[in-house]
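Please look over the sequence and the model before reading on. The text below goes through them part by part.

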Amino acid sequence: MTDLALRSVGLRKTYRTKGSPPVEALAGVTLEVRSGERVALLGRNGAGKTTFLRIASTLLRPTAGAVEIFGVDVDQHPERVRPYIAVVPQEGKPFFHLTPREQVYTYLRARGLSRETGKARAEAALEAMGLTDFADRLAITLSGGQRQRTMVATVLATEAPFLFLDEPTIGMDPFARRSVWASLRALSRRGSTIMLTTHYLDEADELSERLYIIDRGVVRVSGTSEELKRSVGGTLKVHMPGGAAEIERFRSFGRCVPDGTGLTVIAAPERLGELMGVAVAAHLTATVGPVTLEEAFLNVVGRSIDEE
Amino acid sequence: MRSESVGWPRPFQGLTAFLWTEVLVQAHEELAMATSMVVQGVLLVFVWILDPTLIGVALLGAVLFSMFTMGQRVLNEAAYLRIDHKANELYLAGPLTAEGYFLGLSAGVMIVYLPPVVIVGILAGLVVHLTLVEVGLLIVLAFGVWVCAASIGYIFSTAFRENRAIWAYSSLFFNVFGVLPPVFYPLTKFPVALRPIVLLMPPSAAAAILQTAIGAVRPPAGEITLAAVGLVVEAVLLFALAVYWARRTARER
Ligand SMILES: Nc1ncnc2c1ncn2[C@@H]1O[C@H](COP(=O)(O)OP(=O)(O)OP(=O)(O)O)[C@@H](O)[C@H]1O
Ligand SMILES: [Mg+2]
């Protein structure tokens, strides 16, 4: 056993389906996750996030390369890895004719937990996911977000050493999402390693200690949220409706991104006063905000789109 | 490293818990339990009208046929849970073994659909005046047929990528194999030349053995040996294949 919870080296996956051309979903992914770390995989639709998660969680065989979980090769010894992992599959659903309480409890029992532990953990997970009021209603009568909360509760209640969550908070309201974040933080404090995918960049920012941006099957960038934001080239973004026509006046301040008739300038705080002066002179109104992970993401993935 | 189950997973860890999950999941379908007997009921009425002296044979056939069509439910359920719920991913990426998943699901289906079969079985026992030994034989044969059917059902369930495609085929296979061969009617009414074929199909093989045991038919000893050996070999091989296949398909390629 090593201090590394996950190690992926040159992981490749090509899907071959009869009657359609092969798809190279992963083109050599190398990454590491330390024990107890919370890591997010970001990427556009079809980037390869689910493919990576499914290989790492023993549900899909790679074409080449290898993944180790706690030092064990997942492809060679899946049966040795499985007791230590739990997965929220993308688009997974709870059993429709069980209640959330039954769903969580029976799943824990099927994982070999005792009655007492199963009961206690199920109650705690239902409570943490705000499901207490719906815990005895059949899942078929629950809303989409409530069902998703049930799935997440099911998996978090395992307290498995390695948790894979594929878009765990999809369709959840802001309160529910925050409950998931809190539970994941608590689990990682107690030693669980967490790898999740998400399209909510605020979630990735808030929750993960490290991010990997995957694009067309390769890791483009990795780092902390702060590092990625810094890579954008400034910490403030200034948006000016109708500013696109005046783009030349702002080039010296930093990256200028026109969107329609509007213009966004990424700038350093020291030059904000000067920039505002130019905006006033050009009769433009400006709103100022911090650079977010979204700019970093658009920057990284946008660059790779430009390279096409 | 923390874990709820340190070390190697035991072969069927969590199986019983998953089995009861499946029972809970299925048990709400009261209507499905009732409709699981419709084909058998219709065939029993046919036999009653055509030749009431064969009703005992037909009742025993109904038990075996019912066990065989449970394979169809396994097929539908396994495919549905995998495709619509991703339940396989939830369970297989965990300590429950692939064969535990297959067996738990199949046994759960059996338990839910067993009560009406038991009623038909008791009816058959009363009509045919089965001895204790014959009752034991009926149970063993019914179990053998179920093992074959569940194995076939699970193996086939992995072949589909969408549920719509399954509805068209699954009932066909299980009904044709169960209705056309001599399951509800005596083996001796079936052409001698074609008998080896039906004696190698699990439900008709089991029916041939039962019919012989209760003295309803007197086929050559070779035919019964073929049926018995065939059924045992098929049950063992199909089960082993299903376990192998469950493990193999736990990971997609
Ligand atoms: N079973 C499959 N057969 C063939 N191609 C597949 C299969 N699953 C995924 N792909 C392809 O592999 C690529 C990566 O898919 P993947 O599901 O890993 O993307 P993702 O990053 O999870 O996307 P999303 O954000 O939409 O969930 C895509 O081009 C997809 O079309
Ligand atoms: Mg995905």
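What follows starts with the overall layout, moves to the interface between the chains, and ends with single residues and salt bridges.

The model is predicted. Chain A is divided into domain 1, covering residues 4–228, and domain 2, covering residues 233–290. The centres of domain 1 of chain A and domain 2 of chain A, taken over C-alpha atoms, are separated by 39 Å.

Chain A meets chain B through 49 residues of chain A and 37 residues of chain B. The area buried between chain B and chain A is about 3,800 Å², and carbon and sulfur atoms give 59% of that area. Across the interface of chain B and chain A there are 12 residue pairs in polar contact. On the side of chain B that touches chain A, helix H1 (15–26), helix H4 (55–85) and helix H5 (87–92) of chain B each supply at least two residues. H1(B) gives the most, with 6 residues. By class, the side of chain B that touches chain A has 18 nonpolar, 9 polar and 10 charged residues. The interface of chain B and chain A also holds 3 salt bridges. One of them joins the side chains of B:Arg251 and A:Asp75, with N to O at 2.8 Å.

Helix H3 of chain A, residues 100–110, has 8 of its 11 residues buried, so this helix is largely enclosed by the rest of the structure. Among the buried residues of H3(A) are A:Pro100, A:Tyr105 and A:Leu108. The cover over the buried residues of H3(A) comes from both chains: it includes helix H4 (115–128) and helix H5 (144–156) of chain A, together with H1 and H5 of chain B. Just after H3(A), A:Gly112 takes a positive phi of about 90°.

Two single residues come next. A:Ser8 is found in strand E1 of chain A, residues 4–17. Is A:Ser8 buried or exposed? A:Ser8 has a relative accessible area of 1%, so it counts as buried. The side chain of A:Ser8 reaches the backbone oxygen of A:Val29 at 2.8 Å. Leaving aside neighbours within four places in sequence, the contacts of A:Ser8 include A:Thr30, A:Phe52 and A:Ala66.

In chain B, helix H8 (residues 163–179) contains B:Ile166. B:Ile166 is buried, with a relative accessible area of 1%. Not counting residues up to four places away in sequence, B:Ile166 touches B:Leu75, B:Asn76, B:Ala79 and B:Phe160.

Over all chains, the structure holds 27 salt bridges. Side chains of opposite charge can pair when their charged atoms come close. The side chains of A:Arg34 and A:Glu37 meet in a salt bridge of 3.3 Å, N to O. In this pair A:Arg34 is partly exposed, at 44% relative accessible area, whereas A:Glu37 is buried, at 5%. A network of salt bridges links A:Arg34, A:Glu37 and A:Arg210.

A:Asp173 forms a salt bridge with A:Arg149, the closest N and O atoms being 3.9 Å apart. This pair links distant parts of the chain, 24 residues apart: A:Asp173 is in the loop between strand E7 (162–166) and helix H6 (174–189) of chain A, and A:Arg149 is in helix H5 of chain A. A:Asp173 is partly exposed at 34% relative accessibility, while A:Arg149 is buried at 13%.

In a further salt bridge, the closest N and O atoms of A:Asp215 and A:Arg220 are 4.0 Å apart. A:Asp215 is buried, at 4% relative accessibility, and A:Arg220 is partly exposed, at 35%.

Technical notes:
Residues are numbered from 1 along each chain as its sequence is written. Chains are lettered from A and ligands numbered from 1 in the order in which they are written. This is a predicted model: local features need pLDDT of at least 70, side-chain atom pairs count only at pLDDT 80 or more; totals for chains, interfaces and linings use all residues. Side-chain values use heavy atoms; hydrogens and water are left out. Domain bounds come from an automatic or database domain assignment. Contact means heavy atoms within 4.5 Å. Buried area is the accessible area (1.4 Å probe) that two parts lose on being put together, summed over both. A polar contact is a pair of N or O atoms within 3.5 Å; within protein, one must be able to donate a hydrogen and the other to accept it, and residues adjacent in sequence count only if both atoms are side-chain atoms. Helices (H or I, at least four residues) and strands (E, at least two) are DSSP runs, numbered from the N terminus. Ala, Val, Leu, Ile, Met, Phe, Trp, Tyr, Cys and Pro count as nonpolar, Asp, Glu, Lys and Arg as charged, and the others, Gly among them, as polar. Buried means under 20% relative accessible area, exposed over 50%, partly exposed in between (1.4 Å probe, protein chains only).
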